[in-house]
Amino acid sequence: MGMTGKTPIARGLRSLLMAAACTAACSQGVRAAVTLTLGRPRGTPADASVIIDEQYIGPLEYVAAHGVRLPIGEHRITVEKQGYFPWDRLVESDRKPIHLVVKLVPIPD
């Protein structure tokens with residue numbers, strides 16, 4: 001079942017994403033925002049956690065499908081899943097859309 005925005009869970013995640021973006025933007029005053037999109041190649045778990053500026057945003061599959069608005073400035077993007085090395089990037093948003101491809105690498109046994 002995909003997240004089409006019609007289920008209570010999808011609506012809740014959409015609200016969470018909007019609240020997280022607003023929290024970041026509102027704490028810095030009203031400023032321009034940049035769209036962040038994440039690509040997820042095969043082998044990277046859809047349910048990995050996306051964390052932006054130390055705030056949980058949602059599962060990678062949902063964030064990859066819908067994107068996130070970031071206020072102008074520097075942001076730390078982290079994607080984590082138990083059993084995988086964490087993926088971490090520092091980005092500078094400056095009015096141009098940002099697209100990152102997240103490839104999680106399994107931790108060897």
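Trainee: Leaving aside neighbours within four places in sequence, which residues is T78 in contact with?
Mentor: This is a predicted model. T78 is placed in strand β5. Beyond four places in sequence, the residues in contact with T78 are S49, V50, I51, W87 and D88.

Trainee: Is T78 buried or exposed?
Mentor: The relative accessible area of T78 is 12%. Buried means under 20%. T78 is therefore buried.

Trainee: Which residue's side chain is joined to that of T78 by a polar contact of 2.5 Å?
Mentor: Among the residues that T78 touches is W87, and another is D88. The polar contact of 2.5 Å joins the side chain of T78 to that of D88.

Trainee: What is the relative accessible area of H75?
Mentor: H75 also lies in strand β5. H75 is buried, and its relative accessible area is 2%.

Trainee: With which side chain does the side chain of H75 make a polar contact?
Mentor: A polar atom of the H75 side chain lies 2.7 Å from the oxygen of P71, but that oxygen belongs to the backbone. The side chain in polar contact with that of H75, at 2.6 Å, is D53.

Trainee: Which element gives the largest share of the largest nonpolar core?
Mentor: The largest nonpolar core has 20 residues, and L36, L38 and I52 are among those with the most contacts inside it. Elements giving two or more residues to this core include β1 (33–39), β2 (49–52) and β5 (73–80). The largest share is 3 residues, and it comes from β1.

Technical notes
Residues numbered from 1 in each chain as written. Predicted model: local features only at pLDDT ≥ 70, side-chain atom pairs only at ≥ 80, totals over all residues. Heavy atoms only, no water. Core = buried A, V, L, I, M, F, W, Y, C linked by side-chain atoms within 4.5 Å. Buried < 20%, exposed > 50% of the residue type's maximum accessible area, 1.4 Å probe, protein only. Helix = DSSP H or I, 4+ residues; strand = E, 2+ residues; numbered from the N terminus. Polar contact = N/O pair within 3.5 Å; in protein donor to acceptor, adjacent residues only side chain to side chain. Contact = heavy atoms within 4.5 Å.
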